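Keep the coordinates open as you read.

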Amino acid sequence: MNMKTVLILLGLALATIFALLCVLLTRGKTPSPCQQLPPEQEDTEDGQSLVFADLSPEEMSQVVRYLQGSLGVPLVDASRAKPSDNCIASLDLQVPAKAEALRFLDGGGARPPREALAVLYFGKQPEPNITEYVVGPLPVPAYHRDVTVHKYGGKVPYHRRPTLAVEYKQIGGFLKSQVFPSAPAFMQQVMEYDGANLAVMTAAPRGFQSGDRITWFVLFQNVSGFFVHPMGLEVLVDHSSLDMSQWAVSRVFYNGQYYRDMAQLESAYVQGRVSVEKVRKAPWDGDFSSMKPRVPPAALFPLQYEPQGPRYSVRNNRVLFQGWSFAFGMSVSTGLRLFDVRHKGERIAYEISVQEALSVYGSNCPGGMSTRYMDNSFGLGRYTSPLVRGVDCPYLATYVDTHSVSQSLRPRKRKASLCIFEQNLGSPLRRHYSNLQSLYYGGLVNSALVIRSIATVGNYDYVWDFIFYQNGALEGKVQATGYPSSSFLHGDGLRYGNRLWEHTLGTIHTHFINYKVDLDVGGLKNSLVAQDMAFEVTRAPWSPEQQMERPRLTRRVLDTEDQAAFRLHAKMPRYIFFAADSENKWGHQRGYRIQITSFAGDHIPESSSMERAISWARYQLAVTKRKEEEPTSTSIYNQNDPWTPTVAFADFINNETITNEDLVAWITAGFLHIPHSEDIPNTVTVGNSVGFLLRPYNYYDLDPSIYSHDGVFFTSEQDLKACETNPLACLPKTASCVPNFPPFTYDGFQNMSRL
C-alpha cells in the first residue's frame, strides 16, 4: 500500500469520524463543530434590558401577598369571584417613565425602581369601582399608590370592567338553570338540548348607553369549530346587577323573530306560531368545520435548521442578531411589545407595541349586528397560545415561556408562547447578474430574524410578528386566521355576507390593528417630513420647440399634529419619514421611513355614539408629540363603555407643534373580510396579512447589509467551487450534519369554558 493510498484512507476515516461526531454531539448539550456558536457580541445593555422585563412568577406572588395584606379588604380569587366581590383582575409590569429609563440606559443614571401595575375590581364597596395601583419596589413591595385618577382624570366606574371568565361561566349557569328550563318543549324538540350540546358566544359592547351591561349571547352547536354552527337562537341577558339573583332576560331572538323572553317563545312554539328551521345535528368533530386532515400524510414538508447553530442569542429578555438588539415583553392586554430597539448600536425606536385589534360586524341577527370587538379588553397577552413546533414556528426555533397573573391569585405559565427564529425567506435581499462588459454575480440571501406570538381571542387567531432585516429595516406584521364568526342564515342575510353552509352566514366584518411606534431616529428630537412626486411640464433644453413632462421631488415638513393626522382613506405622501437633527455623508437628513400595508374597510361613522372610543381608527397614520400621560391609544375599559370612553385618541391630536420634538407614530392597518366558502373549515393567513415597515432613509451612507457575512460575489475568472471565493460551495460540507430535532411535546390544552 503506497503513501497516496494511506493518505486517502486516512482522509476517509477522519471524514467518517467527523460526521459521526456531528451526529452524536448535536444530540447532546455540548456545542460541536456542526453547531459553531456565533462569536460573543459586545452587549453592555444585557442587564439593562431587565428594566423592560415582564414580572417574574416570584415577583407576581410577592405583589399578590402584599395586596392581600395591605388594602384592608378581603380579596377573592378572580377565578371564583362574584360581581359583588373584590379581586385582582390582572398584574403587569409598570413600564418606567421614558426619561427615567433613558437616564439609566444612556446617561449612567440610577436604575428605575421596578414596579408592578395591579388592576383591581372592588365590587364589595359602597361605591363599586375599578382601581389601578402601582406596587413596588420589586422584588419585595413596600408601597402602593392609586394612579387611577391621575391616569384617567377620574374614577373608573365598575360597569366598565372587562368581563372576567368567571362571569361568563356564571351567565352560562344562569342560562342553563333558569332560562332554558322556561322553554322545555322548544329546547328539547328544536335545540335537542341535553345540557351539554350548546356553546355560547358573547357579543360586545353590552347595550346602547353608558352604564349598560346587557349582552347578546349567541347559541351554537357545541362541536369542533362551533363558531360556524349557529342554531338560530340568541338571548339578551341583563347582568348589570351585582346580585346575580337579579339577572334577567331582556329579549330572545329565534330565526328572524324577537320574543320578550323564553317563556313567550315557548308559548308561541307550543301554539305552532314559530317558524322552525331544524338544524342537522353535527358530529362531535364538527364535520365540515373539522380541521382534521381529509387525506393521509405524504412526503414531509421542507424543514429549516441552522447548520452551525443559531446566529442570534436570547439572554433574559434581550435578543441580539447581526447588528440588531432589542428587549421584549408581553403585556396582558396588548400582547407582544419591544423596547430599546437598536441597529448598529444606535437606538431606532424606544417602544413598538400593539395597541388594539378591532372588529366591527354586520348581520341581520342581533348578536352579529351589535358586535364591535375591542380585543385588548379581552387580553391579547392573556390569550396568547402555546405554540406548536414545526407549524406555528419552525421546529428548531427558540421557544420562550411567559407568565401572568390574570383573573387568578397565582401566576400562570404559558409554555412556549413566544418564539424567536432566523428565517431564510427564499429570495435575495439584493442581487445583480452582470453579462455586459464585466462578468460577475453579487447577491445576499434575505435572512431575517422573527419574534412571534399568537393570540387566540375567541374565534380568531392573530399571528403577531416583528421581523428584523439585515439592511436595517424592521417590519411589524399581523396575520389573521382561526374561524370566521357566523350568524344564522335567514331572511335577507345575504346582504351581510356569504352563505358558508346550510344554515351558516359568514358575516361581513372589518379588522383594524393599531400600533404605537415611538421612533427615536438619531436621538430624541425628530421632525416629520413628507416627500412625493409631481410632474412638471418643461421644454427640452436642447430642443425648445419640444415639450416634455418630467417627475420631480416634492418635499414638505409637517409642522403640527393636525397636518400629521392622515384620515383612513385620504391620500398620504408616499414617502413619510422621521427625520433626525443630523445629516448623513451626503448632506441629507438621516431618517426612517414609515410604509404601511393595509386593505382596510371603512371606519364606523363619526356620528356613532361609540366612535370616540375607537377614534384611533379614523387615521391610517397619526404622529403626535410624545407625552407620558398619553401612553396608549385606547383602554381596556372602552369595550364595555364605548359611549363614555376612558381614553379617546382623538383628544391626542390638538395641533401641537411636532418639529424637532420627541414623536410617536400611531399606525393603523386593516382589512375588510367578507367570509366565503374557502373560509371553511377556517380562515387561512394567505392574503390576510397587514402591518408596516420601518426602513432606513438616508440614515446610513450606504446599505449596511453590504457588511453582512452572508454576501456572495464571484466573477467569471474565479474558481466558483472554492470556499474562499464562494461560501455556497461549502454548503454541502457545512450542512452535512444531522440536526438534533427534540421530541415533539405540547402542553397547551386547557378548557376555557363549558355550558
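Start with helix α2, whose buried residues are E59, M60, V63, V64, Y66 and L67. Buried means under 20% relative accessible area, exposed means over 50%, and partly exposed lies in between, with a 1.4 Å probe and protein chains only. These residues cover an arc of only 165 degrees around the axis, which puts them on the same side of α2. The arc is that of the directions from the helix axis to the C-beta atoms. An α-helix has 3.6 residues a turn, so residues three or four places apart point the same way. On the other side of α2, E58 and G69 are exposed.

A word on the source: this is a predicted model, in which local features need pLDDT of at least 70 and side-chain atom pairs count only at pLDDT 80 or more, while totals for chains, interfaces and linings use all residues. Residues are numbered from 1 along each chain as its sequence is written, and side-chain values use heavy atoms, with hydrogens and water left out. Helices (H or I, at least four residues) and strands (E, at least two) are DSSP runs, numbered from the N terminus.

What do the buried residues of α2 pack against? Their partners are β1 (86–94), β2 (115–122), β3 (129–136), β4 (143–146) and β17 (398–406). Contact here means heavy atoms within 4.5 Å. At 1.5 Å a residue, its 14 residues (57–70) should span 20 Å, and the end C-alpha atoms are 20 Å apart, which agrees. The expected span is 1.5 Å times one less than the number of residues. Just after α2, G72 takes a positive phi of about 75 degrees.

Helix α7 (residues 262–270) can be read in a similar manner. Its buried residues are M262, L265, E266, A268 and Y269. They cover an arc of only 165 degrees around the axis, which puts them on the same side of α7. The buried residues of α7 pack against α5 (165–179), α6 (184–189), β8 (230–238), β9 (248–254) and β10 (257–259). At the start of α7, a side-chain oxygen of D261 comes within 3.2 Å of the backbone nitrogen of A263. After α7 comes G272, with a positive phi near 75 degrees.

The unreviewed entry lists "domain: Copper amine oxidase N2-terminal" for residues 75–143. In the model, this span of residues 75–143 is 14% helix and 38% strand, and its end C-alpha atoms lie 18 Å apart. The unreviewed entry also gives "domain: Copper amine oxidase N3-terminal" for residues 161–256. Residues 161–256 are 22% helix and 30% strand, with end C-alpha atoms 32 Å apart. UniProt positions are given in the numbering used here, feature names are shortened, and annotations may be inferred rather than shown by experiment.

Now the cysteines. How many disulfides are there? The count comes to two, where a disulfide is a pair of cysteine sulfur atoms within 2.5 Å. C393 and C419 form one, with sulfur atoms 2.1 Å apart. The torsion about their S-S bond is about -80 degrees, so the disulfide of C393 and C419 is left-handed. C393 lies in the loop between α9 (375–378) and β17, and C419 in strand β18 (residues 412–434), so the pair ties together parts that are 26 residues apart in sequence. Both C393 and C419 are buried. C723 and C730 also form a disulfide, their sulfur atoms 1.9 Å apart. C723 is partly exposed at 35% relative accessibility, whereas C730 is buried at 16%.

Finally, look at the backbone. A cis peptide bond joins G136 and P137, with omega about -15 degrees. P137 sits in the loop between β3 and β4. The peptide bond from A204 to P205 is also cis, with omega near 5 degrees. P205 lies in the loop between β6 (198–202) and β7 (214–221).

Q322 has a phi of about 50 degrees and lies in the loop between β12 (318–321) and β13 (324–331). Q322 is partly exposed, with a relative accessible area of 26%. A416 has a positive phi near 50 degrees, but its place is in strand β18. At 18% relative accessibility, A416 counts as buried.

Conventions:
Polar contact = N/O pair within 3.5 Å; in protein donor to acceptor, adjacent residues only side chain to side chain.
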